[in-house]
Amino acid sequence: MNAITLPTRSTRGIHSRALRWPILSPEALALAASTFFTLFLNHAFWRAVIATGDLHGPTGWLSLMSLVVLIIALHAFLLLLLLWPGITKPVVCVLLMISSVAAHYMTRFPIYLDADMLRNVLHTDGREASELLSLSMLPSVLLLGVLPSLVVWRTRIKRRPMLRAIAIRGCWLTLVAVVAAGSAMASYQDLSALMRSHHQLRYLVTPANYLVALAGALSDQRATITARAAVGEDARVAVRSKQAKPRLLILVVGETVRAQNWGLNGYMRQTTPELARIQPVNFSTVTACGSSTEVSLPCMFSVYGRANYDETRIRHSDSLLHILDRAGIATQWRDNQTGCKGVCEGLPFITYRTGSNRNDCPGEECMDEVMLSDLAEEIARHRGDTVLVLHQLGNHGPSYYKRYPPQFRQYEPTCDSDDLGDCSQEEIVNAYDNAVLYTDAFVARAIRLLERQSSHDAALIYVSDHGESLGEAGLYLHGLPYAIAPKTQLQVPLTIWISPELLRSRAIDMECLRKRTAQPASHDNLFHSVLGLMEVQTRVHVDDLDLFAGCDGKNARTALHVP
């Protein structure tokens with residue numbers, strides 16, 4: 001019988017040490033993670049760099065290698081600032097997981113993670129976020145996020161006394177900075193030309209893009225502004241005869257409807273049949289303030305607009321609604337979206353996002369018509385001038401198929417998936433156009449409601465916040481930086497209906513107004529046009545930006561400059 005040798009304490013220690021993972025210093029882990037980020041989680045960046053064609057030629061490979069080293073060094077510098085005792089492994093693991101998700105979406109839907117896009121992400125509610133989650137992201141997250149995180153978690157981190165750790169970290173930061181500078185200088189001419197011509201590329205460098213954007217977003221939130229800057233403090237409504245009826249404006253803020261698919265603009269499909277029968281005034285060339293709700297919504301209600309765009313000033317100044325309220329005009333924001341982005345702060349606000357009336361919300365979320373369910377009663381409640389804003393869910397992607405009831409499924413086959421990668425472009429466009437059909441019906445129903453009421457001289461303005469890419473040039477959704485956003489994301493519909501009573505009381509010449517639609521317009525016109533239509537007198541009102549000025553019988557001008 002063979003003897004059995006039991007492992008002794010010394011042999012168990014040898015085997016245990018043999019199975020242990022290596023010990024790495026925090027600096028070595030930072031360098032290894034930076035290399036992994038640069039080579040494996042920046043596919044969208046490298047694809048975009050190569051697509052520019054700027055690094056071709058005899059020095060192309062040198063420039064490309066210099067860029068690789070530069071990106072590794074920059075990431076290493078960031079990580080060396082973040083990785084300190086007690087949080088080293090958790091920070092790296094969190095960055096790996098987030099970066100794997102970001103890399104998936106930047107590759108699948110060419111998006112750029114700048115500060116505006118990050119604000120969109122931070123302000124996305126759980127329901128919207130769930131629509132962006134799909135099985136297609138699992139392989140990327142598992143391979144580039146989960147597995148590397150497991151390796152990092154098993155790795156042992158070398159510990160040092162605090163003073164020694166600070167000294168070594170300082171040396172590493174200096175070394176990495178020198179390497180970054182050296183790699184940049186090695187191909188300075190090519191790399192500087194690349195970044196000058198394609199500065200948006202920096203928003204693809206992961207995880208530096210979202211770390212820098214997050215710092216900017218958090219800095220904005222911490223801005224120590226105790227009150228909104230007052231705008232239009234002299235606002236007042238022009239005196240009218242005692243017999244004149246109060247005025248009512250319904251302002252419908254559309255979501256993600258682009259001008260190219262708006263039937264009234266001459267689209268190959270009649271996606272606005274109800275409005276076509278009503279024959280409102282339609283502006284076919286209208287430019288949005290931004291390519292996302294986070295930018296466009298505050299901007300379009302601001303006196304500053306795109307022409308004088310200053311995000312901080314816009315967000316911390318009175319909006320159009322605050323000026324209307326100051327002038328004595330009642331306002332109310334009715335929301336089927338994710339809020340008014342500060343536009344209606346401190347003013348009456350109703351949300352239907354939570355499904356407060358389940359009869360109008362057969363699914364997980366309410367169709368836009370829920371905002372009309374008690375609108376007649378709301379109008380009857382107001383005895384004076386009133387502006388009601390209806391903020392639609394509209395065509396919010398990628399789940400276009402969820403944005404309309406079954407009876408509006410006119411164009412088929414449709415993309416019935418939250419993952420646009422599972423669908424053909426034809427299916428995506430069909431689902432999108434069906435949602436536009438529903439918006440047409442929604443706006444037409446609101447107009448018919450105004451036609452039936454008799455307490456107010458009424459009008460309705462419909463304008464979308466931004467457009468959408470539906471696969472053109474490989475782009476989907478929206479939110480690209482304004483400087484490079486395509487027209488599909490920036491061109492939006494603007495449609496105006498005015499009741500015969502208001503036309504008479506304001507002496508508005510409809511023929512003049514229809515002629516004006518041949519001129520370009522923008523979100524910048526909204527602020528001044530609403531003030532003009534409601535006859536709010538204030539120094540901040542600009543006639544040249546008021547679409548009604550010169551057509552109302554009070555100022556017989558024949559030309560109007562519209563930016």
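Guide: Let us begin with a cysteine: C512 has a relative accessible area of 17%, so it counts as buried. Please keep in mind that this is a predicted model.

Visitor: Where does C512 lie, and which residue is it linked to?
Guide: C512 forms a disulfide with C551, and their sulfur atoms are 1.9 Å apart. C512 lies in helix α20 (residues 510–516), while C551 is in the segment after β15 (536–537), so this pair ties together parts that are 39 residues apart in sequence.

Visitor: What is a disulfide, in general?
Guide: A disulfide is a covalent bond that joins the sulfur atoms of two cysteines.

Visitor: Is C551 buried or exposed?
Guide: C551 is buried, because its relative accessibility is 1% and the cut-off for buried is under 20%.

Visitor: What about the handedness of the link of C512 and C551?
Guide: That link is left-handed, with -65° about the S-S bond.

Visitor: How many disulfides are there?
Guide: The count comes to three disulfides. One of them joins C340 and C344, with the sulfur atoms 2.2 Å apart. Another joins C415 to C423, with an S to S distance of 2.1 Å.

Visitor: Which of these two links is left-handed and which is right-handed?
Guide: The torsion about the S-S bond of C340 and C344 is about -90°, so that disulfide is left-handed. The link of C415 and C423 has 70° about the S-S bond and is right-handed.

Visitor: What about C171 and C299: buried or exposed?
Guide: C171 is exposed, because its relative accessible area is 55% and exposed means over 50%. C299, in contrast, is buried at 1% relative accessibility.

Visitor: Let us change topic to helices. How does one describe two packed helices?
Guide: One gives the angle between their axes and the distance between the axes.

Visitor: What are those values for α3 and α4?
Guide: Helix α3 (residues 43–52) packs with helix α4 (residues 60–82) at an angle of about 150°, and their axes are 12 Å apart. That angle makes α3 roughly antiparallel to α4. The crossing of the two is right-handed.

Visitor: Which residues make the contact?
Guide: From α3 they are F45, W46 and V49, and from α4 they are L64, L67, V68 and I71. By class, this contact of α3 with α4 has seven nonpolar residues, no polar ones and no charged ones.

Visitor: How does α4 cross α10?
Guide: The axes of α4 and helix α10 (residues 188–197) cross at roughly 70° and come within 9 Å. This makes α4 roughly perpendicular to α10.

Visitor: Which residues meet there, and of what class are they?
Guide: S63, S66, L67 and L70 of α4 meet D190, L191 and L194 of α10. The contact of α4 with α10 has four nonpolar, two polar and one charged residues.

Visitor: One last topic: where is H528, and is it buried or exposed?
Guide: H528 is in helix α21 (residues 524–533). H528 is buried, at 2% relative accessibility.

Visitor: What is H528 in contact with?
Guide: Apart from neighbours within four places in sequence, H528 is in contact with V303, V540, H541, V542, L545 and D546.

How values were computed. Residues are numbered from 1 along each chain as its sequence is written. This is a predicted model: local features need pLDDT of at least 70, side-chain atom pairs count only at pLDDT 80 or more; totals for chains, interfaces and linings use all residues. Side-chain values use heavy atoms; hydrogens and water are left out. Helices (H or I, at least four residues) and strands (E, at least two) are DSSP runs, numbered from the N terminus. Buried means under 20% relative accessible area, exposed over 50%, partly exposed in between (1.4 Å probe, protein chains only). Contact means heavy atoms within 4.5 Å. Axes are lines fitted to C-alpha atoms, for helices over the stretch in contact, and angles run from 0 to 180 degrees between N-to-C directions. Angles under 35 degrees count as roughly parallel, over 145 as roughly antiparallel, 65 to 115 as roughly perpendicular and the rest as oblique. A crossing is left-handed if the near helix is turned anticlockwise from the far one by less than a right angle, and right-handed if clockwise. Ala, Val, Leu, Ile, Met, Phe, Trp, Tyr, Cys and Pro count as nonpolar, Asp, Glu, Lys and Arg as charged, and the others, Gly among them, as polar. A disulfide is a pair of cysteine sulfur atoms within 2.5 Å.
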